[in-house]
Amino acid sequence: MASSPDFATQILADVRRQIAVDDDVLSETKARRNVVKRVARTFSGALKTFDSGSVAHGTVNKPVSDADCGVILDRRTYPQLGPDGDDVPSDEIVAEMAEFVLAGVRDEYPDASCDVCKRAILIEFHEPIDDEQDPSVDLIVALTRADGDGRWIPNTEAHDWDASDPEKHTELLNGPDTGTRVHRARVIRLAKAAVRQDDTPVISSFNIEALALDHVDSEDTIAESLRDLLLGAADDLAGGLTPDPAEVSDPIKLPDGVSASTATGRLQKLGDAVADAVANTEDTDRARAALALAFPDFVDASPSSKQWLAEALRAGNAAAVGAAFGGGADRLKPTRAYGK
């Protein structure tokens, strides 16, 4: 017996193709990260380096802006640093690492520059791969802890150190098996793409990744998992901030200026649109129309699908209109003129 068509997942597969990173760009991004790590490992007292962030997790979308990594310093070499020592802040050691790494990177990328940010050293290469991609590398200078899980990582704005465990985050997102990892990464990439269409994304990429650990089931279709992630994220954020999946750091904050109600409302609307596609996945026009609301930058509704949207606008369908047009769309009134 032939299986029923799953147009929602087919349409989302096309979205994934559109947001997929080109192999040459990903290779160059990793090469830049590896140069930074190779130099950082030769710094006095460095124990090892690690990869982190979306490139390491397989959740990066096009265009690629950066790759994340870190170098771990041995507190026995720097006994005065951090809360386990004499509370010497991170500022000076991070500045020393920045100067050291930049000098080594310039052997291969002569135009490279660096800047010390709140958490990491930003290394920019000034060698564009194409018109929109010149990936940078963020290097975290981490310090081993005397007690407890994770590492101390810099907070140069507060002239202090904070506990975190980026290595555990990568371990969680890359496990427990290949099938789960690949499925979850595909769903995360779609959720990130949906949120990033807004002028002000309501949730960070890492927050999406953390929520996906709880809400994505590899036994489901991609469309079903995306629905569950978006709606589950809305429910969770309505109850409070997302806990650190490594159980080391403070809960994950929402972007500056974004309230919990705004984030919850937007994710609910996106999830409702995907849910409509899942509920009508055997109807290609209806599935496409619903996903065009969630992914207006990537999915073009067919003529009959556009008629469905016109009817939603005329009827004042807040969920459909809100998913398509973002915050404030709930206030749109029905109009007889639309679509004529």
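This is a predicted model: local features need pLDDT of at least 70, side-chain atom pairs count only at pLDDT 80 or more; totals for chains, interfaces and linings use all residues.

Me: What makes Asp283 a cap for the N-terminal end of α10?

Reply: A side-chain oxygen of Asp283 lies 3.2 Å from the backbone nitrogen of Asp285. As for α10 itself (residues 284–294), its buried residues are Ala287, Ala289, Ala290, Leu291, Ala292, Leu293 and Ala294.

Me: Which atoms meet in the contact at the start of α6?

Reply: There, a side-chain oxygen of Asp177 reaches to within 3.2 Å of the backbone nitrogen of Gly179.

Me: How do you know that the span of α6 agrees with what a helix should give?

Reply: Helix α6 covers residues 178–196, which is 19 residues, and at 1.5 Å a residue it should span 27 Å. Its end C-alpha atoms are 27 Å apart, so the two values agree.

Me: Why are α6 and α8 called oblique?

Reply: They pack at an angle of about 60°, with their axes 9 Å apart. Roughly parallel needs an angle under 35 degrees and roughly perpendicular starts at 65, so this pair falls under oblique. The crossing is right-handed. On the α6 side, His183, Arg186, Val187, Leu190 and Ala191 meet Ile222, Ser225, Leu226, Leu229 and Leu230 of α8.

Me: And why do α1 and α8 count as roughly perpendicular?

Reply: Helix α1 (residues 7–19) packs against α8 at an angle of about 80°, the axes being 8 Å apart. The range for roughly perpendicular is 65 to 115 degrees, so this pair belongs there. Here Ala8, Thr9 and Leu12 in α1 meet Ile222, Ala223 and Leu226 in α8.

Me: Why is Asp74 called buried?

Reply: Buried means under 20% relative accessible area, and Asp74 has 9%, so the label applies. Asp74 sits in the loop between β2 (66–73) and α4 (91–105). Leaving aside residues up to four places away in sequence, Asp74 touches Gly45, Leu47, Leu143 and Thr144.

Me: How many residues of the whole protein count as buried, as a percentage?

Reply: 48% of the 340 residues do. The protein has 12 helices and seven strands. Among contacts with a separation of 6 or more, 61% are between residues 24 or more positions apart.

Definitions and conventions
Residues are numbered from 1 along each chain as its sequence is written. Side-chain values use heavy atoms; hydrogens and water are left out. Helices (H or I, at least four residues) and strands (E, at least two) are DSSP runs, numbered from the N terminus. The expected span of a helix is 1.5 Å times one less than its number of residues. A polar contact is a pair of N or O atoms within 3.5 Å; within protein, one must be able to donate a hydrogen and the other to accept it, and residues adjacent in sequence count only if both atoms are side-chain atoms. Buried means under 20% relative accessible area, exposed over 50%, partly exposed in between (1.4 Å probe, protein chains only). Contact means heavy atoms within 4.5 Å. Axes are lines fitted to C-alpha atoms, for helices over the stretch in contact, and angles run from 0 to 180 degrees between N-to-C directions. Angles under 35 degrees count as roughly parallel, over 145 as roughly antiparallel, 65 to 115 as roughly perpendicular and the rest as oblique. A crossing is left-handed if the near helix is turned anticlockwise from the far one by less than a right angle, and right-handed if clockwise.
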